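I opened the notebook to record what I looked up in this structure, one topic at a time. The entries follow the order in which I went through it.

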Amino acid sequence: RRMSLDGRNRVAVVGGGIAGTLCSLVLKNRGVNPIIFDAGRNGLGGRLRGAPLLRAADPRLAVVCSMLEREGLLQRWEGRFGVLGSSGGGFLPAQVVTSSSIGGLNKANGEHVQNKPTVGGRSSASDAGDFCNFVDGSKTPTYVGIPSLSDLCPNICQFAGIEARKDTRIARATFEEGRWYLNVREGEEDSWETYDGLVLATHDASFAGGVVHFIAKAEVAASEYPDAESAMQDDDPVIGRLLGLEEALYSVREEGRMPVYTIRANFPKGFSKKVPFDAVSVPGSNLLQFLSRNVSKPKRKNDGELWTAISTSIYADNLLSNSALSDAERQSEASKILSREISQLLSPYHDGEAIQPLKVTAKRWGAAFTSRTLGLKEDSVALAPWRLTVCGDYIRDISEYAHYTSGSGGIEWSRGR
C-alpha cells in the first residue's frame with residue numbers, strides 16, 4: 001500500500017532534538033505532516049541546548065546548514081581557533097595543529113593526562129583530546145545559532161510550519177492494521193492518537209527497544225512458531241533481526257550516557273585583551289575539554305567578558321557519583337572547581353595571575369555524549385513494513401555529527417511502498 005502524500009498523512013516524531021527536527025523537516029518537504037513530541041519542559045533542542053557550536057563536517061549536514069544560514073537561523077563563526085596546553089600559555093593555532101601534535105600536548109603536560117582514566121571502563125569519546133573534532137576538522141564551516149543554538153530547533157519548526165508539542169510524553173506505542181496508536185500524555189491529559197508512521201529520535205534507546213519488542217512479539221504471534229526461541233532456532237530472518245535489534249537497543253541504554261558540565265564565567269572588563277584565541281580544545285586538562293570567548297561569536301557583542309567551557313565527562317562522572325551531594329551542591333562545586341581551572345589556564349596572559357570571575361554558573365548537560373552505539377554504518381534504522389525509523393547518536397559509529405545526520409535518513413518509507 002502506498003502512502004498518499006495529500007497532506008492528511010501524519011507521522012509522529014518522538015524527540016525534539018536536532019535529529020527529530022531535521023527528520024521532520026525532510027518529511028515536511030515530502031508533503032507528509034510531521035508532529036513532534038518532546039518530553040522537555042523547556043522546549044525543543046535536546047543536546048543542542050548545551051552545545052557551543054555546530055560544525056558541518058558531513059556533506060549532507062553542510063547542505064542543511066547552508067540553507068539554515070540563508071534563512072538567518074545560523075551564522076558562521078570565524079574565530080581564532082586552536083589548542084591550549086593544560087598549564088596555559090601553550091596555544092597553537094588550528095592551522096598548524098595536527099592530530100599527532102594534539103597527542104603530544106597530552107604527553108607534554110604530565111603523565112596523569114597521558115593515561116586519562118575511562119568512564120565505567122569504557123573509552124571516553126568526549127575526552128579524546130580534540131573536543132568534537134574541533135581542531136582537526138577546523139577546515140569545515142563552524143556555525144552558531146541566531147540568537148543561540150538553543151533556539152535552532154524551535155526556529156526550524158516555526159520556519160517550516162512544523163507542529164511541535166513540548167512537555168508531552170509517549171507512554172506506549174502499538175502497531176495495528178498498518179497504523180500506529182500512541183498513548184499521549186500531555187500535562188493532565190491522557191489520550192490515544194493515530195499516526196501513519198513513527199520516528200523515534202529520543203536519546204533513550206530503551207524506549208526504542210520497547211517499541212521493537214512489541215513488533216517482534218506480534219510477529220511471533222502471527223507466525224507458526226510457538227515462541228520467540230523457536231523462531232530463533234529456525235533462523236527466521238525477520239523475527240531474528242527484530243529480536244537482535246531489541247537486545248542491542250537495551251544494551252546501549254544500559255551503558256548509559258556521558259554527561260558533562262557547562263560553565264559560564266563572567267570576568268572583569270579587559271580580561272580578554274591579551275588572550276590570543278577565541279576558542280580552544282584543551283587536551284591536557286583533566287577538568288576542561290573546551291573553552292571559548294562568547295563575544296567572538298556572531299551577534300554576541302553584549303556578552304562582554306563572558307567565557308564558556310565544557311568539562312570532561314570524567315570530571316562530571318566523578319562529581320555525579322558523589323551521592324553525599326545534592327544536585328545544587330554539585331553545581332556549586334562544579335562552578336568553583338571549573339572556574340578556577342579557567343582562571344589558571346588563562347593566567348599566563350595576565351602575568352601569571354589567576355584572575356577570578358565576577359559571576360559563575362554551572363549546569364549539567366545530561367545527554368551530552370553517548371558512550372556506546374550500535375556500531376552501524378547507517379545513520380538510522382528503518383523498518384519499512386512498520387513505517388518505523390529509529391534515529392539518534394547511538395545508531396552508527398561514534399561521531400561528533402551522528403545526531404545531526406541521523407535525522408535526515410532512514411525514512412524512505414515515507415515516499416510510499
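Throughout these entries I take a contact, or a touch, to mean heavy atoms within 4.5 Å. The model is a predicted one, in which local features need pLDDT of at least 70 and side-chain atom pairs count only at pLDDT 80 or more, whereas totals for chains, interfaces and linings use all residues. Residues are numbered from 1 along each chain as its sequence is written, and side-chain values use heavy atoms, with hydrogens and water left out.

**Entry: Trp365**

I began with Trp365, which lies in strand β17; helices (H or I, at least four residues) and strands (E, at least two) are DSSP runs numbered from the N terminus. I call a residue buried under 20% relative accessible area, exposed over 50% and partly exposed in between, with a 1.4 Å probe and protein chains only. Trp365 has a relative accessible area of 8% and is therefore buried. Leaving aside residues up to four places away in sequence, I found that Trp365 touches Arg47, Gly50, Ala51, Pro259, Val260, Thr262 and Ile310.

**Entry: the chain as a whole**

I noted 11 helices and 19 strands in the chain, and buried residues make up 53% of its 417 residues. Of the contacts in the chain with a separation of 6 or more, 70% are between residues 24 or more positions apart.

**Entry: nonpolar cores**

A nonpolar core is here a set of buried Ala, Val, Leu, Ile, Met, Phe, Trp, Tyr and Cys residues joined through side-chain atoms within 4.5 Å. The largest such core has 50 residues, and Leu152 and Val199 have the most contacts inside it. At least two residues of this core come from each of β1 (10–14), α1 (18–29), α2 (59–70), β5 (81–84), β7 (142–145), α5 (152–160), β13 (257–266) and β17 (359–370). The largest share, six residues, is supplied by α1. Apart from this core lies another, of 37 residues, which includes Leu182, Ala216, Val252 and Tyr394. I then followed Leu152 and found that, not counting residues up to four places away in sequence, Leu152 touches Ile18, Leu48, Leu54, Leu68, Leu73 and Leu74.

How many of the eight residues of α9 are buried? I found six, so that α9 is mostly covered under the cut-off already given; the buried residues are Ser313, Ile314, Tyr315, Ala316, Leu319 and Leu320. Their cover includes β13, β15 (288–293), β16 (306–311), α10 and β17.

Helix α9 (residues 313–320) packs against helix α10 (residues 327–346) at an angle of about 140 degrees, with their axes 11 Å apart. Axes are lines fitted to C-alpha atoms, for helices over the stretch in contact, and angles run from 0 to 180 degrees between N-to-C directions. The two helices are therefore oblique to each other, since angles under 35 degrees count as roughly parallel, over 145 as roughly antiparallel, 65 to 115 as roughly perpendicular and the rest as oblique. In the contact, Tyr315, Leu319 and Leu320 of α9 meet Arg330, Glu333, Ala334, Ile337 and Leu338 of α10.

**Entry: the sheet β9-β10-β11**

I traced an open sheet of three strands, in the order β9-β10-β11 and with antiparallel pairing, where two strands pair if DSSP finds at least two bridges between them. The edge strands, each pairing on one side only, are β9 (168–176) and β11 (189–195), and the twist averages 20 degrees from one strand to the next. Between β9 and β10 (residues 179–186) I noted eight bridges in the antiparallel sense, and Thr168 stands opposite Glu186 in β10. Helix α6 (residues 205–222) lies across β9 and β10 and runs at about 20 degrees to β9.

**Entry: backbone details**

Glu177, in the loop between β9 and β10, has a positive phi near 50 degrees although it is a residue other than glycine, and its 80% relative accessibility makes it count as exposed. Asp235, in the loop between α7 (228–233) and α8 (237–255), likewise is not a glycine and has a positive phi of about 55 degrees; Asp235 is exposed, with a relative accessible area of 63%. Lastly I looked up the peptide bond from Ile146 to Pro147, which is cis, with omega near 5 degrees, and Pro147 lies in the loop between β7 and α5.
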